[in-house]
Amino acid sequence: MTLRSHSILLIILPILVASIEVSAALGGRKGDLVGSWRPIENLNDPIVQEIAKYAVEEHNKQAKTNLRFLSVVSGETQVVAGTNYRLVISAKDGAAVHKYQTVVWEKPWENFKKLTSFEEL
């Protein structure tokens, strides 16, 4: 091989390797980027239920309300430095039932949870 052929290979090879690594990191799927929201398959998972109950309890403390958690209606997760849980929950306010969208950030290895939003829909 000539010097010119070696130079071209040295330019093309890192680009090829990088594109293969990116494809592998994305699992070969389009639209499934790191940090994207993904639907929660099992809304009855004990961890999801715990996160939802925590959201209501924390909201009650912060807003001085007395909501009662009923159920998780839908949810998504997002991998960040930990996991964000974006949940739509059903809760009772006195006799009235309302739906709320909440986001909880969790880092279980640090025993850390933080309510980042809680809004009535």
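Modeller: Two strands pair if DSSP finds at least two bridges between them. Helices (H or I, at least four residues) and strands (E, at least two) are DSSP runs, numbered from the N terminus. This is a predicted model, where local features need pLDDT of at least 70, side-chain atom pairs count only at pLDDT 80 or more, and totals for chains, interfaces and linings use all residues. Residues are numbered from 1 along each chain as its sequence is written, and side-chain values use heavy atoms, with hydrogens and water left out.

Biologist: In what order do the five strands form the open sheet?

Modeller: The pairing is antiparallel. Across the open sheet, the order of the five strands is β1-β2-β3-β4-β5.

Biologist: Which strands stand at the edges?

Modeller: An edge strand here has a single partner strand, so one side of it is left without a neighbour in the sheet. The strands in that position are β1 (38-39) and β5 (112-120).

Biologist: What angle does the direction of helix α2 make with that of β5?

Modeller: Helix α2 (residues 46-63) packs on the sheet and touches β2 (68-80), β3 (82-93), β4 and β5. Contact means heavy atoms within 4.5 Å. Axes are lines fitted to C-alpha atoms, for helices over the stretch in contact, and angles run from 0 to 180 degrees between N-to-C directions. For α2 and β5, the angle is about 70 degrees.

Biologist: How many bridges join β2 to β3?

Modeller: These strands form a hairpin, with one residue between them. Strands β2 and β3 run antiparallel. The number of bridges joining them is 11.

Biologist: Which residue in β3 stands opposite Glu 76?

Modeller: Glu 76 is also the bridge partner, in β2, of Pro 39. In β3, the residue opposite Glu 76 is Arg 86.

Biologist: How far apart are the closest N and O atoms of Arg 86 and Glu 76?

Modeller: They form a salt bridge (a side-chain nitrogen of Lys or Arg within 4 Å of a carboxyl oxygen of Asp or Glu). The pair links distant parts of the chain, Arg 86 in strand β3 and Glu 76 in strand β2, 10 residues apart. The closest N and O atoms of Arg 86 and Glu 76 are apart by 2.7 Å.

Biologist: How many salt bridges does a search of the whole structure find?

Modeller: One of them joins the side chains of Glu 110 and Lys 107, at 3.3 Å, N to O. Another links Glu 58 with Lys 61, the closest N and O atoms being 3.9 Å apart. The search of the whole structure finds four.

Biologist: Is Lys 61 buried or exposed?

Modeller: Buried means under 20% relative accessible area, exposed over 50%, partly exposed in between (1.4 Å probe, protein chains only). Glu 58 and Lys 61 both lie in helix α2, three residues apart, about one turn of the helix. Glu 58 has a relative accessible area of 18% and is buried. At 59%, Lys 61 is exposed.

Biologist: What is the relative accessibility of Asn 84?

Modeller: Asn 84 sits in strand β3. Beyond its neighbours within four places in sequence, its contacts include Trp 37, Glu 76, Val 103 and Trp 105. Asn 84 counts as buried, because its relative accessibility is 13%.
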